[in-house]
Amino acid sequence: MASIDATGLAIEFPLYHHNARSLKQRILASSGLRLKKDEDNRIVVAALRDLTFTIGRGERVALVGPNGAGKTTLLRTIAGVYEPVAGRLRVEGEIGSLIDPAAGMDQLLTGRENVVLRALFRGMSEAEGRALAEEVAGFAGLGDFLDVPIRGYSAGMNVRLAFAMATAMTPDILLMDEWFLAGDADFMRKAEERLTQLVTGAEILMIATHDMHVVRKWCTRAIRLEGGRITADGTVDEVIGPA
Ligand SMILES: Nc1ncnc2c1ncn2[C@@H]1O[C@H](COP(=O)(O)OP(=O)(O)OP(=O)(O)O)[C@@H](O)[C@H]1O
């Protein structure tokens, strides 16, 4: 059964600066302390600080909060991209990730090869992978580009391939960053129905968004992040106010 369980979770990114000394002085003089020195005396951004939450089966969670609050960092951490510097994170269930379109794709391989590889990785046979590639290509409308290395794709083609691939298999946990909802209008019309199926099929949805219509349409719970911390966690009405 899908679940996400975080206790005291923290993520930090080291910052490098040609004039680290003056930066250090300014940081030490500031009171925000989002930028701080770590144990090795490096300056780091505290992207996520002391997050504790549990998400269970059936929950559809919106991550809300201002730019730089830590929403995408939290999604990427749950997807296993970043390693916490403190705390504990336990994720049960297969993850489908609509966060970074190029993540997990080999730029030198064609769209078809990438789909087959992903299918094999998920335990499907090569024949199933090839059938999936046809299905993905049809949905993404890639035409001949399916057999071109993906480094030759436009940004929009990358999004369409990533979307078609991630939505071809229903995951237990669906992680989504909002820009996936802002593609080319024709494609998004086609994508919307599929997205709704996927959202309702997944056991857990987590979506980072600034769009309160999306929050109200899909989510049952909202977590507000500010400065890397959770400042509110409750029902959608409790966290973003009634419609
Ligand atoms: N790879 C990285 N290296 C250094 N700092 C990073 C990195 N990724 C994120 N950060 C920093 O971590 C903080 C959180 O960023 P994040 O992208 O998670 O915010 P967000 O809430 O998704 O913002 P937005 O709404 O603008 O997408 C920011 O201060 C950002 O500058």
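By class, the shell around the ligand comprises five nonpolar, six polar and one charged residues, where Ala, Val, Leu, Ile, Met, Phe, Trp, Tyr, Cys and Pro are counted as nonpolar, Asp, Glu, Lys and Arg as charged, and the others, Gly among them, as polar. The model is a predicted one, in which local features need pLDDT of at least 70 and side-chain atom pairs count only at pLDDT 80 or more, while totals for chains, interfaces and linings use all residues. Residues are numbered from 1 along each chain as its sequence is written. The residues surrounding the ligand are Phe13, Val45, Ala47, Gly65, Asn67, Gly68, Ala69, Gly70, Lys71, Thr72, Thr73 and Ala208, a residue being near a molecule if its C-beta atom, placed from the backbone, lies within 6 Å of it. Two or more residues of this shell come from each of β3 (43-55) and α2 (71-78), and α2 gives the most, with three residues; helices (H or I, at least four residues) and strands (E, at least two) are DSSP runs, numbered from the N terminus.

Strand β3 also takes part in pairing, for which DSSP must find at least two bridges between two strands. It pairs with β1 in the antiparallel sense over eight bridges, and in β3 Leu48 stands opposite Ile11.

Within strand β3 lies Asp50, which has a positive phi of about 55° although it is not a glycine. Most residues other than glycine have a negative phi. Asp50 counts as partly exposed because it has 15 C-beta neighbours inside 10 Å, the limits being 20 or more other C-beta atoms within 10 Å for a buried residue and 12 or fewer for an exposed one, with partly exposed in between and C-beta atoms placed from the backbone.

Helix α6 (residues 185-201) has 17 residues and reaches 24 Å from its first C-alpha to its last, close to the 24 Å expected, that is, 1.5 Å times one less than its number of residues. A kink of about 35° in α6 is centred on Ala191, the bend at a residue being the angle between axes fitted to the seven residues ending there and the seven starting there.

The secondary structure of the chain comes to eight helices and ten strands. Its radius of gyration, taken over C-alpha atoms, is 20 Å, close to the 18 Å that the globule rule gives for 243 residues, so the chain is as compact as a globular protein of that length; the rule is 2.2 Å times the number of residues to the power 0.38. Buried residues make up 35% of the 243 residues.
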